[in-house]
Amino acid sequence: MIQVAILGYGTIGSGVYEVLNINKQVIEKRIGDEIRVKYVLDLREFPGSPIEDILVHDVNTILEDPEVSVVVEVMGGVEPAHTFVKNALLAGKSVATSNKALVAKYGAELSEIAKQKNQSFLFEASVGGGIPIIRSINTALTGDVVEEISGILNGTTNYMMTEMTNHGSEFEVVLKDAQKKGYAEADPTADIEGHDACRKIAILTSLLTGQQVDFEDIYTEGITKITAGDIKFAKAMGRKIKLLATSKKQGDSYCAMVSPVLLGSSHPLYHVDGVFNAVFVVGNMLGDAMFYGSGAGSLPTASAVVADVVDICKNLGKNIPYEWSAEKLSLADISSSQKSFFVRVEGSREEKSEEIAAAFGNVEYVTCDEAAGECGFITELISEKEFEENAAKLSGIKNRIRMDQ
Ligand code: HSE
């Protein structure tokens, strides 16, 4: 019998317990052994719940029990999760986690400890919830050089952008609605400022390169500056604004960025709405591929955690390998990356066209009947640096949004 401990009985922890129970038969058949949750660690009490009798409050009960071979960390946050996971690996236990903050910061270190101890450290649920993107990068896509990986990696912001698009509402209205429905946290900063998506693209880029990508090095812009006025122009162009986390191959490195992007209807991510996540991958041999599904939620996320547990159980005493060294990857500078920008400016086209031409040269104007007293235009393909230089010559810019396809 394989004994498991779950650290944290919140949304995901209770989901893991449920998935292991509901799918017990099929999971045990796949593992070829019985599996049992011996402990659940949480600071809280859960009287009357199914885990009442296996609840513990001291992590050492788990770490010192030689019968526990698999630890599931679903507490979230960097500490004490990092200390608990590190000690579990050092105690000769394998770990499955959903914790993107932990993986983004300590993925390389924990992978190395797991390797040294002949254990596994798996984290499928840390990016894209239930979407099997990490296993795909580590196995199915290893024959390819990935030229681009772009994702809608945050359900909260995708829900908000979808609502703004569908109802023309302002950002603050949609945020309140998302909080009421439980799609946004009381403190939504990590989601709306793009920090959550940033950690996820850092993890994906680390796995693509086998080197450490520090999330602090990734240019990150959230959705807080997107207004109903921007959405009107997006609609006039037949486009949607999405918060994209992208990583594009540039020489030996990748150019990574998180920002709102205006996508045309031919882009595969254009159609990903609501709380759903999707990851678009371009392989040099594979071409385009897309992974779509639930990026959050108790059971979808737990499903990915349990898949890791199953993998670990099938490989007990062995390290499930993937490449992630502590050697830092120097990301490509975004200032030379080229794209078109959509720009909204105060004043009519007649009033501003001379100034716009002087700053940006040839541009394509966007007609938006609903936008009085302002004009919008699309630049030619220019670098981020050129954009900044040109924009400094133009007064009255209300917003600018990057474009793709
Ligand atoms: N707040 C995150 C999201 C949860 O909205 O995608 C999953 O990481």
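View 1. K200 pairs with D196 in a salt bridge, the closest N and O atoms being 2.6 Å apart (a salt bridge here is a side-chain nitrogen of Lys or Arg within 4 Å of a carboxyl oxygen of Asp or Glu). Both residues sit in helix α10 (residues 195–209), four residues apart, about one turn of the helix; helices are DSSP runs of H or I with at least four residues, strands are runs of E with at least two, and both are numbered from the N terminus. K200 counts as buried at 7% relative accessibility, and D196 counts as buried at 5% (buried means under 20% relative accessible area, exposed over 50%, partly exposed in between, with a 1.4 Å probe and protein chains only). This is a predicted model, where local features need pLDDT of at least 70, side-chain atom pairs count only at pLDDT 80 or more, and totals for chains, interfaces and linings use all residues. Residues are numbered from 1 along each chain as its sequence is written, and side-chain values use heavy atoms, with hydrogens and water left out.

View 2. The salt-bridge count comes to 25. In one of these views, E67 and K38 meet through their side chains at 2.6 Å, N to O. E67 is in the loop between α3 (59–63) and β4 (68–73), while K38 is in strand β2 (residues 35–41), 29 residues apart. E67 is partly exposed at 44% relative accessible area, whereas K38 is buried at 16%. The other pair is E109 and K86, at 3.1 Å, N to O.

**View 3. Where domain 1 meets domain 2.** The chain splits into domain 1 (2–126 + 299–314), domain 2 (133–294) and domain 3 (337–403), with bounds from an automatic or database domain assignment. Domain 1 gives 14 residues to the contact and domain 2 gives twelve (contact means heavy atoms within 4.5 Å). Together they bury about 1,100 Å², 56% of it on carbon and sulfur atoms; buried area is the accessible area (1.4 Å probe) that two parts lose on being put together, summed over both. K100, A104 and E124 supply 47% of what domain 1 buries against domain 2, more than any other three residues. Four salt bridges run between the two domains. D308 also forms a salt bridge with R135, at 2.6 Å between the closest N and O atoms.

**View 4. K352 in helix α13.** K352 belongs to helix α13 (residues 349–360) and counts as buried at 8% relative accessibility. Its side chain reaches the backbone oxygen of S395 at 3.1 Å. Not counting residues up to four places away in sequence, K352 touches V345, E346, G347, C375, L394 and S395.

**View 5. S340 in a loop.** S340 sits between β13 (338–339) and β14 (341–346) and is buried, with a relative accessible area of 17%. A polar atom of the S340 side chain lies 3.2 Å from the backbone oxygen of T379. Leaving aside neighbours within four places in sequence, the contacts of S340 include I378, E380 and M403.

Notes. Polar contact = N/O pair within 3.5 Å; in protein donor to acceptor, adjacent residues only side chain to side chain.
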